[in-house]
Amino acid sequence: MSKILPFLEWVSTYKKSFLLRDLLAGLTVGIVLVPQGMAYAMIAGLPPVHGLYASLFPVLVYVFLGTSRRIAVGPVAMDSLLVAVGLGALTITGVEDYIKMVVILAFMVGVIQFLLGILRMGFLVNFLSKPVISGFTSAAAIIIILSQLKHLLGIVMPGGNKVYQSAINLLFHLDEINYVDLGIGLIGIVLLVAFKKWNRNIPGILIIVVLGMVGVFLFKLDNFGIQLVGNVPDGLPALQLPSLNLEDFKRLWPIAIALALVGYLEAISIGKALEDKSGIETIKANQELIALGTANVVGSLFQGYPVTASFSRSAINFDAGAKTNLAGLFSVILVVLTLLFLTPLFQYLPNAVLASIIMVSVVKLIDFKYCKYLWINRKDEFVVLLVTFFLTLFMGIAEGILIGVLCSLLLMVYRTSKPHFVEIGNIGNSDYYKNVIRFADEVVVRNDLLIVRFDSQLYFGNSAYFKKQLLKHIRAKGPGLKGIILNAESINYIDATAADMLTRLIHDIRESGKQFYIAGAIGPTRDIIFNTGIIKELQREFLFVKTKEAVDFFDNPNEISLLAAKVAYENSKMAKLKKNSS
């Protein structure tokens, strides 16, 4: 049951000490979720109340089905922008039709994500390397900080999900700074930092929210033109089935696929980044797809729009000390109470207070330490981090993640195309064979025998490199070379192209008067050797379990030792078993 309902895992081990942390984290995220949800709905071109609708049932569904215990699900800026851009390209007349299309879009996004989860396509998360995640999170943190400057400074200006957009907009509105807003925001930042240094158990975020609302009410700070959250619409959403037809599907499916994939990548990226911070890994990629898909489907039934994990609210959730998904339930309760009873209170909450909370929460996700480590030790991965970082800053979050993943894959392909190829030699007549360069003082190197090791799978991408390196080592040995032994311990796969290359290479080597041996091949590799033309060219008696056995056989070519006979027998037996099983 825990595979179907992941909340059973943390419920069964829940501790009383977790309750206060989850409560504070949930309420804190809920306080931010209310104004953010309304603001993001407006970015998507929807009435603000739909942002609150998207903050109810989708979040509740994720509490029970989600596997990350730190991320906060709900409306986000990126998805809101994608909805606005995608639907803006369509011909839609009237607010009601627009809302209808958004609801249908949310339903389609949910179905796509759910099906991907059922089909176990969560392996896509494996292509999110840590440099990509670090570059994305660092850039996204800067984008969010810049996006909050308008609230901190009390400036009314258009937003943007690219750093240069926010910077340019800010420069053109510097003369509009409201210094009361700025003062409130700076006080909030100072108090938050002070509380963290003094005692991390103090609920600093809740304290400054309460102080902000009380200060506005008592000192009439709204008379100074500061930006407040304002009135929040009340009432809960009603159940309403989306009316999907074939024409709508044709118009929306490209946008739905983009939102489904981007939303999933965002959630996984944020979740894995927070797992790295906490050191606790709970995310299951396929279940995350099912959880997000179900959340979006259910949200569409209650007039919501596409949701995923929020970078800023997840950072707040983590920073506030959330231990389990129960924090999300408290956020939902606060949103419900807000819609029903608490709307008058939030009209006094300054936006500058929310900006200070978000800024302090996300700044720690800029990972300078890891960036420095890659610069010193892994410059190729450092380049991947930089590419992801700058593309996220200047092109967008989705582009940064996707191109960063592509760079990681290209780096992986490059590495596997030129893997480690080394000559090895015997250490003091033992069974150990080591790199002749690394162990130059201990290794015995022979001129009549070349022993090499290839540390990778052998496939079409590196077969030419393998051949080139082997021939290079053969030429270096000179005319005295009589035999070549391939240590295949690290070769876990040989594809058709490489098998054909190796077969021809063995043939050419033997034609030149030299002998060829393979030693140490693991089971799956031996199966491939027997199922291809390699074994016909190599012959069974030249396939050995250990390198030393191949060396002993090379040294006694005219005397088939008991050991060699045993090897040949085992190879023959294996071939028969393989044939019978097939």
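Select Glu381 to begin: this residue is buried, with a relative accessible area of 18%, where buried means under 20% relative accessible area, exposed over 50%, and partly exposed in between (1.4 Å probe, protein chains only). Glu381 belongs to helix α17, residues 379-394; helices (H or I, at least four residues) and strands (E, at least two) are DSSP runs, numbered from the N terminus. The model is predicted: local features need pLDDT of at least 70 and side-chain atom pairs count only at pLDDT 80 or more, while totals for chains, interfaces and linings use all residues. Residues are numbered from 1 along each chain as its sequence is written, and side-chain values use heavy atoms, with hydrogens and water left out.

The side chains of Glu381 and Arg415 are joined by a polar contact of 3.5 Å. Such a contact is a pair of N or O atoms within 3.5 Å; within protein, one must be able to donate a hydrogen and the other to accept it, and residues adjacent in sequence count only if both atoms are side-chain atoms. A salt bridge is a side-chain nitrogen of Lys or Arg within 4 Å of a carboxyl oxygen of Asp or Glu.

How many salt bridges does this rule give? The count comes to nine. Side chains of opposite charge can pair when their charged atoms come close.

Select Glu9 and Lys284, whose side chains form a salt bridge (2.9 Å, N to O). Glu9 lies in helix α1 (residues 7-12) and Lys284 in the loop between α11 (246-278) and α12 (285-301), so this pair ties together parts that are 275 residues apart in sequence. Glu9 is partly exposed at 29% relative accessibility, and Lys284 is partly exposed with a relative accessible area of 41%.

Move to Arg446 and Asp555, another salt bridge (2.8 Å, N to O) between side chains. This pair links distant parts of the chain, 109 residues apart: Arg446 is in the loop between β5 (443-444) and β6 (449-454), and Asp555 is in helix α23 (residues 547-555). Arg446 is partly exposed, with a relative accessible area of 26%; Asp555 is partly exposed, at 38%.

Then select Arg504 and Asp500, where the side chains meet in a salt bridge (2.1 Å, N to O). Both residues lie in helix α20 (residues 496-511), four residues apart, about one turn of the helix.

Turn now to the surface. Select Lys418, Lys468, Lys472 and Arg475, which gather in a patch of positive charge. Within this group, Lys472 lies in helix α19 (residues 463-477) and is partly exposed, with a relative accessible area of 49%. Patches are made of residues with over 30% relative accessible area and no salt bridge: like charges are joined within 9 Å, and nonpolar side chains (Val, Leu, Ile, Met, Phe, Trp, Tyr) within 5 Å.

For a nonpolar patch of about 780 Å², select Phe123, Leu124, Phe127, Leu244, Leu246, Phe249, Trp253, Ile257 and Leu261. Leu124 sits in the loop between α6 (95-118) and α7 (130-153) and is partly exposed, with a relative accessible area of 31%.

Finish at Leu481, in the loop between α19 and β7 (483-487). Is Leu481 buried or exposed? Leu481 is buried, with a relative accessible area of 2%.

Definitions and conventions:
Accessible areas come from the Shrake-Rupley method with a 1.4 Å probe; for residues, only the protein chains shown count as cover. Lys and Arg count as positive and Asp and Glu as negative; His and the chain ends are not counted. The place of a charge is taken as NZ of Lys, CZ of Arg, CG of Asp or CD of Glu.
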